[in-house]
Amino acid sequence: VADKDSVAVVRDNGSEIVLPTLPSDDFPVWPDQEPGTSIVINSAVLTDALGCVAHAVSREDTRYYLNGVYVHAHNGFFFFLATDGYRLAIHDTDIEAPDGFLGGIWPAAFVKDVIATFKKPTMIDIKVCNARVWVSTLTVILSAKLIDGTFPGYLRVIPSANDNPMIIVASEIKSLMGGLTGRERRDPIRFDGDTLTLGARKAK
């Protein structure tokens, strides 16, 4: 590889490729980490939590503050939440949030990068400071600007007292929903005592 006259020349086994380049000064300056509260956890815990809620992230640009996962402390523990205004996905953990840890909305693209980068479990450091989030190891650093804005008050839409809770085995509901894939019309979900009924039919 040779860099000359604003082009990069790559030579290998008799082949030569010439690529135009740009001045290195045009590359964005990587921001320095400022002092802040951080926590070290296993990456598997983080990627699992993000993966559980990422599907509910909004794709609408008009409500940009929903275009990410809200990571924050709730009752002293890490809490992951996403919504598109129709679906609400929450994943709580038993990881204690350190005092002074700043919550924020992690951009969807950054969430995707974190999940893809840390496929193998490893210990990672998480820090939020100066409107940025940092996820790093000794050899990898990922950082992104937090999404501006305030996440909606989700607690207002979650019933605080429910006299009729229903606990469903995740594998069973997943199997039922999979059997309805491909149907063009879904019947309403019906509750009858201890029975939950799902249905779908092909549109005429």
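Which strand is the place of Ser136? That is where these close-ups of a predicted model start.

**View 1. Ser136 sits in strand β10.** The strand runs over residues 132-136. With a relative accessibility of 12%, Ser136 counts as buried, because the cut-off for buried is under 20%. Setting aside neighbours within four places in sequence, Ser136 is in contact with Ile124, Asp125 and Ile141.

**View 2. Arg132 puts its charged end over the ring of Trp134.** Look for the charged end of the arginine 6.0 Å from the centre of the Trp134 ring.

**View 3. Tyr64 and Tyr65 make an edge-to-face pair.** The structure holds five aromatic pairs, and the pair of Tyr64 with Tyr65 is one of them. A pair of aromatic rings is described by the distance of the centres and the angle of the planes. Here the rings are 5.7 Å apart, centre to centre, with 75° between the planes. How exposed is Tyr64? Its relative accessible area is 43%, so Tyr64 counts as partly exposed. Tyr65 is also partly exposed, at 25% relative accessibility.

**View 4. Tyr70 and Phe151 form a stacked pair.** Why is this pair called stacked? The ring planes of Tyr70 and Phe151 are at 20°, and planes under 30 degrees apart count as stacked. The ring centres are 4.9 Å apart. Phe151 is buried, at a relative accessible area of 9%.

**View 5. Asn75 has a positive phi.** The angle is near 55°, and Asn75 is a residue other than glycine. You'll find Asn75 in the loop between β5 and β6. Is Asn75 buried or exposed? Asn75 is exposed, with a relative accessible area of 65%.

**View 6. The largest cavity is lined by residues including Trp106 and Phe80.** Rolling a probe the size of a water molecule over the atoms shows where empty space is left. By the rule used here, there is one cavity of 30 Å³ or more, and the largest cavity has about 60 Å³ of space. Its lining is made up of Ile41, Val45, Leu46, Val71, Phe78, Phe80, Thr93, Ile95, Trp106 and Ile126. Which elements each supply at least two residues of that lining? They are α1 (43-53), β6 (77-83) and β7 (88-96). Sorted by class, the lining of the largest cavity has nine nonpolar residues, one polar and no charged.

**View 7. The largest pocket has a lining of six nonpolar residues.** How much space lies in the largest pocket? The figure is about 260 Å³. The residues that line this pocket are Met166, Ile167, Ile168, Val169, Ala170 and Ile173. No polar and no charged residues turn up in that lining.

**View 8. Gly51 is in helix α1.** At 41% relative accessibility, Gly51 counts as partly exposed. Ser6 is 45 residues from Gly51 along the chain, and the C-alpha atoms of Gly51 and Ser6 are separated by 42 Å.

Definitions and conventions. Residues are numbered from 1 along each chain as its sequence is written. This is a predicted model: local features need pLDDT of at least 70, side-chain atom pairs count only at pLDDT 80 or more; totals for chains, interfaces and linings use all residues. Side-chain values use heavy atoms; hydrogens and water are left out. Rings of Phe, Tyr and Trp (its six-membered ring) pair if their centres lie within 6.5 Å; planes under 30 degrees apart count as stacked, over 60 as edge-to-face and the rest as tilted. Buried means under 20% relative accessible area, exposed over 50%, partly exposed in between (1.4 Å probe, protein chains only). A charge sits over a ring if NZ of Lys or CZ of Arg is within 6 Å of the ring centre and within 35 degrees of the ring normal. On a 1 Å grid over the protein atoms alone, a cavity is a set of points where a 1.4 Å probe fits but cannot get out, and a pocket is an open set with protein on both sides within 12 Å along at least five of seven lines; lining residues have an atom within 4 Å of a point. Grid points are joined across faces, edges and corners, and a volume is the space filled by probe spheres set on the points. Ala, Val, Leu, Ile, Met, Phe, Trp, Tyr, Cys and Pro count as nonpolar, Asp, Glu, Lys and Arg as charged, and the others, Gly among them, as polar. Helices (H or I, at least four residues) and strands (E, at least two) are DSSP runs, numbered from the N terminus. Contact means heavy atoms within 4.5 Å.
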